[in-house]
Amino acid sequence: MKEGWEAVIGMEIHAQLATATKIFCGCAVETGGEPNSNTCPVCLGLPGALPVLNENVIELGARAALALGLEVQGTSIFARKNYFYPDLPKGYQISQYDKPFSANGTLTIMTSERDASGHATEWKPMNIHIQRMHLEEDAGKNVHEGLPDVDKYSYVDLNRAGTPLGEIVTSPDFRTSWQAYDYVNHVRRALQWVGASDADMEKGNLRCEANVSVRKIGETDFNNKVELKNLNSVRFMQKAIEFEIERQIAAHEADEPVAQETRLWDEKNNQTRVMRSKEDAHDYRYFPEPDLQPLKVTPDFVENVKARMPELPDVMRDRFMETYQLSYSDASQLVGDRSFAEYYETVARISANPKLAANWILGEFTRELNSSGKTADESLTTAEDLAELVITVEAGKINNNQAKEVFAEMFATGKPAAKVIEEKGFEQISDTSAIERIVDDVIASSEANVAAYRGGNDKLFGFFVGQVMKASQGKANPKVVNDILRHRLVG
Amino acid sequence: MIIEEIERTLDNAERLNGQLNSFLSIERDHALSRIEQVSKQTEARPLFGTPIAIKDNICTKGMRTSCGSRILHNYKAQYDATAVKRLNDAGAIVVGKTNMDEFAMGSSNESSAFGAAKNPWDVERVPGGSSGGSAVAVASGVVRVSLGSETGGSVRQPASLCGIFGLKPTYGRISRYGLVAFASSLDNIGIFGLTSLDAARVLFVIAGRDELDSTSADVPVPDYEATINDDIKGKTIGVPRELFGEGLDDEVRNAVENSIDNFRSLGAQIVDVELPYAKYGIAVYYIIATAEASSNLARFDGVRYGFRAEGSHSLREMYMKTREEGFGPEVKRRIMLGTYVLSSGYYDAYYSKAQKVRALVKADYQKVFAKCDAILTPTSPSTAFKIGEKTEDPLAMYLNDIYTVSANLAGVPAVSVPCGLSSDGLPIGTQLIGNFWSEGTLLNLANVYENQFPLGAKPFVFAE
Ligand SMILES: [Zn+2]
């Protein structure tokens, strides 16, 4: 960013709550079905139909709110947001306005600027004020492609209409595009973590909008802001914000007006362009939805949801650092995803060697997951099996290279460690008397070398080790072999 | 035999419709096929074979449900309203859909896109509205019961003007699922009966909690018929004298005063009460009702069903032409009013203030019902007026609802009971308003009154 300027950025995230059915009717929430197949009088907005709130939306809404540090409100009120559009079958969206489902959250995220090659420079905690998360229904989709006479007609698919959303709105707390980037990733993981949303931007079940303005450092008033839409990935969002910051600074410096407007990210040309100006802004004429009662949520309900929620990722990260003596970097990576973190913790507990477990999880296990495209949940190797392998390695029963080979086989087939080790014949001989016998044989049959070694040629030690390993078909525990050899060769 | 009764009903409906225009559709095929269905039902059904007419803003699967509007002139409902489903389950037979003011906006039936229904006592006069067709279907003897809908008096006022019994229940008593919304927080399905007993039987069947309507209440439904003949001695009826002043037709005042004397003679105790906020009812009503209507009617946009104007070149033009051509003047007037009162900068001054006054109106009633079983007022300030008499003066038309709107604002039940005839032979109704869930008390008072003081006259047009 140009010296002397700062950006002021507020974020709005629409997250689809992962319910099986829609927010106000019993239709399935599904993607990819026949157009208008998951519809009924309610979500089609047929005359006379009425909304009934899906109880599960309250549960998942509460999970999402708690995961983001928001307070679930005792009473919230649904309101109608009125505007005309073909994908909005009632001519209004049921949303919430001045009495949202949850409010007043403080969220601590970790954020870092990035260097020219995109690497984080320094991770620091940052507090974000989340003003609210309210509940609302999604609209349908207008379809302009792939159907007959699309030059003459537009089509409407209402399968998505009535999908439950939580809209998460922050204060204008962000000063850089990377802060916004780290925030969205934080929210995404938090929502996935507690099972509130699949939060997949590519599938459209997490959508972001950024409100961006710039001002001279030291100013406290806000300049006109631009609302950025069509941000289809976190990376596009970051680029769009960055572009917009530079565009606005340039305009201010050239004394050109920055209009209050909505702009889209144009992926092809790597720039933002105007979608609609302030003059076209809607007057949504919000008023309380008379078809629904105020939504009451008791403190008991919230406590109950809290009690059933998993430990949150940041809390887990700090605990990993403290309990397992892991570095910030390792602990952060381990809590990147809930099933992954839980997998690690099981391996750490059973193996009773959390550090070695972390090495395996962040090393071989991550490598195998990445190359297979699987998640920890989908791994054929259970955490218990991996823990057994870690124990075997620690006990020195197989060496590291063997262990890697064993694990590759385990991951590919789902066989337990012992079985693979047995099949591969990797079981090490650590039995001292057996190794002593081999060592004695080797010494007896290499008189000349023994004499040379004893005469001062230390380099020959490796020759003896090799001979012993060869005689044991590689199964002798190298550490035991070393000890015994050293002892016997002294003479 | 059911078949004979249904055939006679259908014949009467068809024969009288040229004169009265009370039905927008007469469902002969449907009714005849229903006879077969209900005949197969083995259990006893409380409304077995009862012919019933349904207002055209209540959804009846496969039947036209036009709301009296050009914009839905060709719309067939895809599902049954909960009330209709319960009627069908109870063995009732829907014989037709009745005429109404467009989207229930009106007090005379004249805003119907299909011409006004006529008052059977004098076909030059309006039957009242908006449920005029349903009132006429009963008053003219075609059916004994019909469903209407109420937002500000649309059942009680036509009941009064047509000389029959009309009930608006407590808000939440009858599911609104399938009632095409005008003003959701005020709308109710209501019932017309030739007598209060006819209406009580229907209410018992259709009342009660419905999972499809979040505003329907989980309050037990009593057996209204069991208490309908109870002695009313000792019941307390409050009379708000301030409502008997200016704007009330003298003949109506006399008839209603007479009904007070009659109740006293039946042993009821008459006391004076005050409803100081009632005079704001009309103002509050026309803000809240139009605000909600402007939103509820947004779905009629020509995109998915109903009428769509031809020849548009853009989406915006299609919306504008469709709504310009599809809605009549009264509906457009109310959509504009409602849009205005909700618009940015005016919300607090109008909608928000109106909601506060609404709470005061409700509090008025709560105070009075602490010492009364019912409140008695006129139903309508005048008898049926001439067709065309008030169409040029919307304000005069709105004042027809002056006695009825406050029960909708408060959400309490109310009935209109015939109490006399004017010098030119037009019926007059007296209104009884009760506390929440006191439909049983109102039906009891009305039934005892009807039995002791029957109107003793029949309309000029009446089915034999
Ligand atoms: Zn649906």
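Two residues are taken to be in contact if their C-beta atoms, placed from the backbone, lie within 7 Å. By this criterion, 24 residues of chain A are in contact with 31 residues of chain B. The side of chain A that touches chain B comprises 14 nonpolar, five polar and five charged residues. Here Ala, Val, Leu, Ile, Met, Phe, Trp, Tyr, Cys and Pro count as nonpolar, Asp, Glu, Lys and Arg as charged, and the others, Gly among them, as polar.

The model is predicted: local features need pLDDT of at least 70, side-chain atom pairs count only at pLDDT 80 or more, and totals for chains, interfaces and linings use all residues. Residues are numbered from 1 along each chain as its sequence is written, while chains are lettered from A and ligands numbered from 1 in the order in which they are written.

Chain A is divided into domain 1 (5-296), domain 2 (311-424) and domain 3 (432-489). These bounds come from an automatic or database domain assignment. Between the C-alpha centres of domain 1 and domain 3 of chain A the distance is 70 Å.

Chain A contains an open sheet of nine strands, with mixed pairing. The strand order is β2-β6-β7-β10-β1-β11-β12-β13-β14 (chain A). Helices (H or I, at least four residues) and strands (E, at least two) are DSSP runs, numbered from the N terminus. Two strands pair if DSSP finds at least two bridges between them. At the edges stand β2 (71-72) and β14 (271-277) of chain A; each has a single partner strand, so one side of each is left without a neighbour in the sheet.

Strand β1 (residues 5-16) of chain A runs antiparallel to strand β11 (residues 206-216) of chain A, and 11 bridges join them. Within this pairing, A:I9 has A:V212 of β11(A) as its bridge partner. β1(A) is also joined to strand β10 (residues 164-170) of chain A, by five bridges in the antiparallel sense. There A:Q16 stands opposite A:L165. β11(A) in turn runs antiparallel to strand β12 (residues 226-231) of chain A, through four bridges. A:A210 faces A:L228 of β12(A) as its opposite residue.

Chain B holds an open sheet of 11 strands, again with mixed pairing. Its order is β1-β3-β2-β4-β6-β5-β10-β11-β9-β7-β8 (chain B). The edge strands, β1 (23-26) and β8 (269-273) of chain B, each pair on one side only. From one strand to the next, the twist averages 30°. Strands β4 (residues 145-150) and β6 (residues 188-193) of chain B pair in the antiparallel sense over six bridges. B:E150 stands opposite B:N188 of β6(B). Helix α4 (residues 132-139) of chain B lies across β1, β2 (51-55), β3 (93-98), β4 and β6 of chain B. It runs at about 155° to β4(B). Axes are lines fitted to C-alpha atoms, for helices over the stretch in contact, and angles run from 0 to 180 degrees between N-to-C directions.

In chain B, helix α9 (residues 281-296) packs on helix α12 (residues 348-369) at an angle of about 125°, with their axes 9 Å apart. That angle makes α9(B) oblique to α12(B). Angles under 35 degrees count as roughly parallel, over 145 as roughly antiparallel, 65 to 115 as roughly perpendicular and the rest as oblique. The crossing of α9(B) and α12(B) is left-handed. A crossing is left-handed if the near helix is turned anticlockwise from the far one by less than a right angle, and right-handed if clockwise. Contributors from α9(B) are B:G281, B:V284, B:I287, B:I288 and B:A291; those from α12(B) are B:Y350, B:Y351, B:A354, B:V357, B:R358 and B:V361. By class, this contact has nine nonpolar, one polar and one charged residues.

In chain A, the axes of helix α12 (residues 432-444) and helix α14 (residues 461-471) come within 10 Å and cross at roughly 125°. The two helices, α12(A) and α14(A), are therefore oblique to each other. Their crossing is right-handed. A:I438, A:V439, A:D441 and A:V442 of α12(A) meet A:F464, A:Q467, A:V468 and A:A471 of α14(A). Six nonpolar, one polar and one charged residues make up this contact.

Two backbone features lie in loops. The peptide bond from B:G129 to B:S130 is cis, with omega near 5°. B:S130 is found between β3 and α4 of chain B. A:A352, a residue other than glycine, has a positive phi, near 55°. A:A352 lies in the loop between α7 (338-351) and α8 (354-372) of chain A.
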